[in-house]
Amino acid sequence: MFDRVGDDALSALQTVQDRFREVNGEHPMSEADDAYAREHFTPATPEQLADIAAGRLPLPGYLLSDGTPMVADVSESIESAGGVEHLHDWFLAFWPDDPETAESEWAAFLSGQYVCLAKLNPISIRRKNRMVEQAQSAVDALRADPRDEIAQGALAEAVDGGLAVTGLDEILAPMTGYDRLRFGGPTSRDLWVDAVRAEFHDPQPPALPIRTERLTLRRTTLDDAPAMARAWADPDFARFLLQPPQNTAEVTFATLGRSKPPEGPHRFLALVIEHEGEAVGDVILFFQGAGHTSAEIGWTVHPTAAGKGLATEAARAMLALAFEHYGVRRVVANLDAANDRSAALAERLGMRREVHRLADFWSKGRWTDSYEYALLRSEWEAQQR
Ligand SMILES: CC(C)(COP(=O)(O)OP(=O)(O)OC[C@H]1O[C@@H](n2cnc3c(N)ncnc32)[C@H](O)[C@@H]1OP(=O)(O)O)[C@@H](O)C(=O)NCCC(=O)NCCS
């Protein structure tokens, strides 16, 4: 295979460069490509070049535009194998029941083509293969049924990982424009992290406003500031909120920030509750967890509008958005256990008190208990029948 290997380093360098070009073809490396390769790889040493030329170590991941071979760090693998000479047998042992796959993965490893991996080792190769397979079947299932909860869980785990499970976001390296040229298309990360998130995980804004029997739920505008300021200055109103009471200038400044609609995917949706032309509160949804398949809901109604069921009506509309537009499978509400009105609201909505945490929450000068209420999509759907 490496019949031109000579004893000296120059010949090894030439062999490695030639072999790299045979495998990858001739494609230009831009300045950004060079910078990427320098950041994530190191120039091959003469010893490494000799081992690469002899087929004991992987080909470089990149050749810089000046021809410098840049190699991935495989020192941990070499250490674990007990030396370069044992690397092949050590590598194969990761596929004990499938020697054919083991040899073909070794060939891919040696070819330097696994530049998609943030860490080049057989564990990452196995994880990547398993997670891409898991993601592919989840994507197929979700294209057939976007509400398939098993596929949602499998895809979230494949992309974002879970407890002691590494997802593709961590497994896959950023890669470069050069990679798109040599591989003739999108990188693994483009496909299995960015495109999957864009299609299935990034919340997209609903059509607004939402109208209910008595309410309009819409984005904040600067005109809402005076009504909000009146409520937010009231210590009774703010008592169970995370923030302290705020004055008019503070509320007006915050309103400016809130009035700007998010561009593209967003992590939360904040809507003003409008009743008879007045802003009377707000309702908020924060997306949570891997794949944003859960969300937390929050609510306020100004003291002047309380006691009429307006918060209940707004929260129901937000739950409908959460389950039906965003397709989340679980919505939670966290509240100070002393906030009786908020707890009553959660219960009116059919949410279940799942957690009572004792003295876990520091709020406004005291340790207080907190409750977590939850509602599953299946429960929401049952409520609608
Ligand atoms: C929590 C909060 C939103 C609850 O407000 P609320 O006015 O109790 O809730 P609603 O608007 O749904 O109104 C419910 C009340 O209206 C009554 N009501 C009248 N018509 C109704 C209708 N059509 N539907 C439902 N309830 C109706 C209910 O019986 C209930 O009255 P009650 O409390 O005397 O039993 C409000 O207290 C608040 O904003 N607090 C300050 C901010 C805060 O703490 N937010 C929560 C942080 S976790």
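Predicted model: local features only at pLDDT ≥ 70, side-chain atom pairs only at ≥ 80, totals over all residues.
Two strands count as paired if DSSP finds at least two bridges between them. Helices (H or I, at least four residues) and strands (E, at least two) are DSSP runs, numbered from the N terminus. Residues are numbered from 1 along each chain as its sequence is written, and side-chain values use heavy atoms, with hydrogens and water left out.

**The eight-stranded sheet**

- Eight strands make an open sheet with mixed pairing, in the order E4-E5-E6-E7-E8-E9-E11-E10.
- Strand E4 (210–211) and E10 sit at the edges with a single partner strand each, so one side of each has no neighbour in the sheet.
- E10 (residues 352–363) pairs with E11 in the antiparallel sense over eight bridges.
- The hairpin of E10 and E11 has two residues between the strands, and Lys364 there takes a positive phi near 50°.
- E9 (residues 330–336) and E11 (residues 366–376) run antiparallel and are joined by seven bridges; Val331 has Leu375 as its bridge partner in E11.
- Helix H16 (residues 340–348) lies across E8 (294–301), E9, E10 and E11, at about 10° to E11; axes are lines fitted to C-alpha atoms, for helices over the stretch in contact, and angles run from 0 to 180 degrees between N-to-C directions.

**A closer look at Val355**

- Val355 is found in strand E10 and is partly exposed, with a relative accessible area of 26%; buried means under 20%, exposed over 50%, and partly exposed in between (1.4 Å probe, protein chains only).
- Leaving aside neighbours within four places in sequence, Val355 is in contact with Ser370, Tyr371 and Glu372, where contact means heavy atoms within 4.5 Å.

**The three-stranded sheet**

- Three strands form an open antiparallel sheet in the order E1-E3-E2.
- E1 (42–43) and E2 (62–63) are the edge strands, each with a single partner, so each has one side left without a neighbour in the sheet.
- E1 and E3 (residues 69–71) pair over two bridges, and Thr42 has Val71 as its bridge partner in E3.

**Pockets and the cavity**

- On a 1 Å grid over the protein atoms alone, a cavity is a set of points where a 1.4 Å probe fits but cannot get out; a pocket is an open set with protein on both sides within 12 Å along at least five of seven lines, and lining residues have an atom within 4 Å of a point.
- Grid points are joined across faces, edges and corners, and a volume is the space filled by probe spheres set on the points.
- The largest pocket has a volume of about 1200 Å³, and the lining residues closest to its centre are Leu241, Trp299, Thr300, Asn339 and Ser342.
- Elements giving two or more residues to that lining include E8, E9, H16 and E10.
- The second largest pocket has a volume of about 370 Å³, with Arg147, Glu199, Phe200, His201 and Tyr326 closest to its centre among the lining residues.
- Helix H11 (188–201) is one of the elements supplying at least two residues to the lining of the second largest pocket, and H11 gives the most, with four.
- The largest cavity has a volume of about 140 Å³, and Pro58, Leu59, Val71, Ala72 and Leu120 are the closest to its centre of the 18 residues that line it.
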